[in-house]
Amino acid sequence: MSSNPFPPYAAAFALGLALTAAGLTGCSTAARPPAAAGPTSTPSASAPAVPGVDSRERLTVDGGTREYLMHRPAADGGGPRPLVIAFHGRGADAENLRRQSGLDRAAEARGMLLVYPEALGKAWGAGTAPTDRRPDPDADVRFTEALVAELVRTGRADPHRVYVAGFSNGGSMALRMAAQRPDLVAGAASVSGELPTGAAAVKPTGPVPVLIVYGAEDPVRPLAGLPSPGPAAPGEEPITATMSARAGAEAFAAAGGAGSPAEEGRPGYDSVTWPAGPAGAAVRLLVMHGAGHTWPGSAVPPPSGFGSVSTALDASATVLDFLSTGRR
């Protein structure tokens, strides 16, 4: 594994918050105005030029309305599809992740149904501790459960092939779903997101195949974790402490009964794989050489100060290929 120096934790995350406040990643924490009760569907006005059907939809959950973007593959035979729920990062939105990741094209090539949920206040409740701005830390878990239930009920999603993925805070949200709902999730992938620890700790509770992709020189959420984050900017939610990317992978490997890790150096990245045990849940960690808080293979330039984008692999294809092997 590569071991690269990191900036001090407090300074590193302060940089990320400053960039967010400056509008480089999106900064609004105001909740969306209430929308009409759903589910309803409208065409997506800014969908990229990828075959398939794109729409913005709404779903009533806990007495309120939540929104999500959906991409259905062009060769949609009408039957249930493997479902990938992709969570955007803090300060961003669904359209931002769609463009940053290029997941639409990768999902289209694999015949997968792809959904990008919108967070409330542009941040996910990836940790288990309540805050002043988020008194119910489980609201996003229930939203995700309701979203899966709706897509299964309407015959669009295969309940045996439900996957979660995400970037940064969204990657942590994907790991939370895998940790707490192994009966629902058949696989999870996180890019630049780690498991929460401390007061908001999330602990894996069962076998789930998990892939973690991380930049070795991430200046926002260091590879070594953020055990003692500094204070949040005024009006923002507290910064959630996280364990290291490797510690998170080890926690999932232990919960799933995976085997001893095998380490391998590859051009541009290091790979650690915990082979599947009796439960069939392999865990893999990819550490990208020289990369920052970015999505490997992305064609969208990252914000200034977030580090380099690795070109050693296409994270979207890698994520979906890994997830597609899982089944409940």
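Me: What does the accessible surface of the chain come to, and how much of it belongs to carbon and sulfur atoms?
Reply: The accessible surface is about 12500 Å², and 56% of that belongs to carbon and sulfur atoms. Such areas are computed by the Shrake-Rupley method with a 1.4 Å probe, and for residues only the protein chains shown count as cover.

Me: What kind of model is this?
Reply: It's a predicted model, where local features need pLDDT of at least 70, side-chain atom pairs count only at pLDDT 80 or more, and totals for chains, interfaces and linings use all residues. Residues are numbered from 1 along each chain as its sequence is written, and side-chain values use heavy atoms, with hydrogens and water left out.

Me: What's the average pLDDT of the chain?
Reply: The average is 87, and 84% of the residues score at least 70. pLDDT is the predictor's confidence in each residue, from 0 to 100.

Me: And over which residues is the pLDDT below 50?
Reply: That's residues 1-48. Beyond near neighbours in sequence, this stretch has 101 contacts in the model, a contact being heavy atoms within 4.5 Å.

Me: How many helices and strands are there in the chain?
Reply: Seven helices and eleven strands. They are DSSP runs numbered from the N terminus: helices are H or I with at least four residues, strands are E with at least two.

Me: How much of the chain is buried?
Reply: Buried residues make up 52% of the 328 residues. Buried means under 20% relative accessible area, exposed is over 50%, and partly exposed is in between (1.4 Å probe, protein chains only).

Me: Switching topic: how many aromatic pairs are there in the whole structure?
Reply: Two. Rings of Phe, Tyr and Trp (its six-membered ring) pair if their centres lie within 6.5 Å; planes under 30 degrees apart count as stacked, over 60 as edge-to-face and the rest as tilted.
Reply: One of the pairs is Phe87 with Trp124, with ring centres 5.0 Å apart and planes at 80 degrees, so this pair is edge-to-face.

Me: Where do Phe87 and Trp124 lie?
Reply: Phe87 lies in strand β4 (residues 81-87), and Trp124 in the loop between β5 (113-117) and α4 (139-153), so the pair ties together parts 37 residues apart in sequence. Phe87 is buried at 0% relative accessible area, and Trp124 is buried at 3%.

Me: What about Phe167 and Trp295?
Reply: Their ring centres are 6.4 Å apart and their planes are at 55 degrees, so that pair is tilted. Phe167 lies in strand β6 (residues 157-167) and Trp295 in the loop between β11 (283-288) and α7 (315-323), so the parts tied together are 128 residues apart in sequence.

Me: Are those two buried or exposed?
Reply: Buried: Phe167 has 8% relative accessibility, and Trp295 has 2%.

Me: Last one: which residues of α3 are buried?
Reply: In helix α3 (residues 103-110), they are Leu103, Asp104, Ala106, Ala107 and Glu108. Their cover includes β2 (53-61), β3 (64-72) and α2 (94-101). After α3 comes Gly111, with a positive phi near 65 degrees.
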